[in-house]
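User: I am new to reading protein models. Could you walk me through some features and show me how to read each one?

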Amino acid sequence: TSCTAQNASQLPPNGSPSPSPTASSVTTNSSAIPVSLPPRPTPTPSPIPLPSSTIPTGFSMVADAGANPGGNFGAEVSMVLDENDEPLIAYINDTSDHRNIGLFFTRWDKTTNRWKNPVRAATMDLRNGEVGDRQVSIARDPITGTIGIAFQKTTDHINFDPDISFIYSTDGGVSWSGGERVGENHFNTNYGESNPSLAIYNNKVHVGFFSSWVRCQAGQCNSMIYATKELGKGVFTYTTSPLLPDTGQNTTPLSLAINSKGVPGIANYLAGKVDQNGVQTGPLRVVYWEPQSGTFESIDSTMTQNDFRSISLAYNVDKPAVTYQMFKNSNLVPPNIWYSTKRDTSLQNPGLPWNTPVNVADDPARNGGSWLSLALSSNGTPSIAYEFSQGSASDRCGSPLLASYSTSSGWSMCAPPKSYRPLSYMDGFSGEFMNMAYDRNGKRIMVFRQTVPATNERLSIGVAIWKEPEQLINNRAVLP
């Protein structure tokens, strides 16, 4: 099977020209006449790979549910890389009654070349499990190394009014702080909080989350909240997301990220206004918001109601990029996965602040797109992982799916090749709660919840990982 490609001009070519050749002169001794030699090309050193993770390439397991998996073991998995490109992973071990849910943390041990025994970092209750939502978010402070986790939690088992809690570790995940409610000092009680998205920079904590009862207009009360505080000091302060004239409320999910200076941004959805009869009169929008500067920009819109949504924000230095799920036709048929970057503000670009969104899926059957995860390499090349849940592409390309970009051929979309794929061609459901990152050598690391046992690939239900082999050709792995 092959993956066609398109949209090859959406990103600028990468790299820079080699240094110009320089002339050199040689003197035999102090009294000799200098002899001019013809110009010699400056030698180009071979690239030396930087030290990277010792995690095996291909697919392997991080946490195995065992012979009798219960609940949703491995759900809500969230991943961030540490200073050595080793994944830091949080996930849950759900229970049948959705109470006393364990929130676990693990990381790779380079001394033993295996995953460390999971640490129970906190307890969750009554997880809200809508498709595409994320209720656990892990982050690492690139300055101090502190690890934090924001997660949905509630003790109200009658009304199910959850709130967002935050914990952190300063010893690499061995021990964790007691949980503090992110919204405790803003709301008098729990108000339907969900979908936390966390970042930490230089001891400054940034959390974006969804609240059901903050701002009510014509029966629509949903809002996005940005909360921030100094780590271990004071209380959270809050900012409520703006609205646009044709929008009525925020809707889940959202994605928060920070740029190279630690400035946070949030990408999320705004539902269209509805009239007194419940008829939609305004478009569903994808928007970008910088709470600290007040920047608030529309990226895309549609008048089609979308019940399945997913979004992921990332930065290349200070330039934001976003991928999101959005049907734009009443029949809810593809394309529905889009990618856009903010225009270069150093250039005088007229028009909208964001570039025209590009269709990522190169095959109409490969739609779905729940739990999108966007990663940008050091030169800005995007890669998107997502759970394949619709269409009939599983018999052609497998899952989970990787959308890869090339400046020469545009976007292509395939699962890793059969020898690396956890499921057979006919098994199309795999890869919940996708997480994607590039290491310093430009290789991708993908963590997700494996939902179906696959003994031929030594995978079972639980948390799985895929590390990109040394060489990919047309998005297909070549064995080292």
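User: Where is D85 found?

Analyst: Begin by placing a residue relative to the strands around it. D85 sits in the loop between strand 4 and strand 5 (87–93). Keep in mind that this is a predicted model.

User: What is the phi of D85, and how should I read it?

Analyst: Most residues other than glycine have a negative phi. D85 is a residue other than glycine, and its phi is positive, near 65 degrees.

User: Is D85 buried or exposed?

Analyst: Here you need one cut-off: a residue is called buried when its relative accessible area is under 20%. D85 has a relative accessible area of 7%, so D85 is buried.

User: Which phi does E76 have, and where does E76 lie?

Analyst: E76 is not a glycine, yet its phi is positive, about 55 degrees. You will find E76 in the loop between strand 3 and strand 4 (78–81). Its relative accessibility is 1%, so E76 counts as buried.

User: What about D161: buried or partly exposed?

Analyst: The relative accessible area of D161 is 23%, so D161 is partly exposed. As for its place, D161 is in the loop between strand 10 and strand 11 (163–169). It also shows how sequence and space can be read side by side. D161 and S212 are 51 residues apart in sequence, and their C-alpha atoms are 9.3 Å apart in space.

User: Which residues does the cis peptide bond join?

Analyst: The general idea comes first: most peptide bonds are trans. In this model a cis peptide bond joins T252 and P253, with omega about -5 degrees. P253 belongs to strand 17 (residues 247–258).

User: How many bridges join strand 29 to strand 30?

Analyst: Five bridges join strand 29 to strand 30 (residues 444–450), and the two run antiparallel. If you want a pair to look for, M436 stands opposite M446 in strand 30.

User: How many residues lie between the strands in the hairpin of strand 15 and strand 16?

Analyst: There are six residues between the strands of this hairpin, where G232 takes a positive phi near 75 degrees. Strand 15 (residues 223–230) and strand 16 (residues 237–240) pair in the antiparallel sense over four bridges.

User: Which side chain does the side chain of S404 contact?

Analyst: For a polar contact, look at which side chains take part and at the distance. The side chain of S404 makes a polar contact with the side chain of R444, at 2.7 Å. S404 lies in strand 27 (residues 401–406). With a relative accessible area of 11%, S404 is buried.

User: How many helices and strands does the protein chain have?

Analyst: The count for the protein chain is zero helices and 33 strands. Of its 480 residues, 54% are buried. Among contacts between residues at least 6 apart in sequence, 56% join residues at least 24 apart. The accessible surface is about 21,200 Å², and 50% of this belongs to carbon and sulfur atoms.

User: Where does the pLDDT stay under 50?

Analyst: Check the chain's overall value too: the mean pLDDT is 77, and 68% of residues reach 70 or more. Residues 1–51 stay under 50, and the model has 66 contacts beyond four places in sequence for them. Over residues 418–428 the pLDDT is also below 50, and this stretch has 45 contacts beyond near neighbours in sequence.

Key:
Residues numbered from 1 in each chain as written. Predicted model: local features only at pLDDT ≥ 70, side-chain atom pairs only at ≥ 80, totals over all residues. Heavy atoms only, no water. Pairing = 2+ DSSP bridges. Buried < 20%, exposed > 50% of the residue type's maximum accessible area, 1.4 Å probe, protein only. Contact = heavy atoms within 4.5 Å. Areas by Shrake-Rupley, 256 points an atom, 1.4 Å probe, with all protein chains shown as cover. Polar contact = N/O pair within 3.5 Å; in protein donor to acceptor, adjacent residues only side chain to side chain. pLDDT = per-residue confidence, 0-100.
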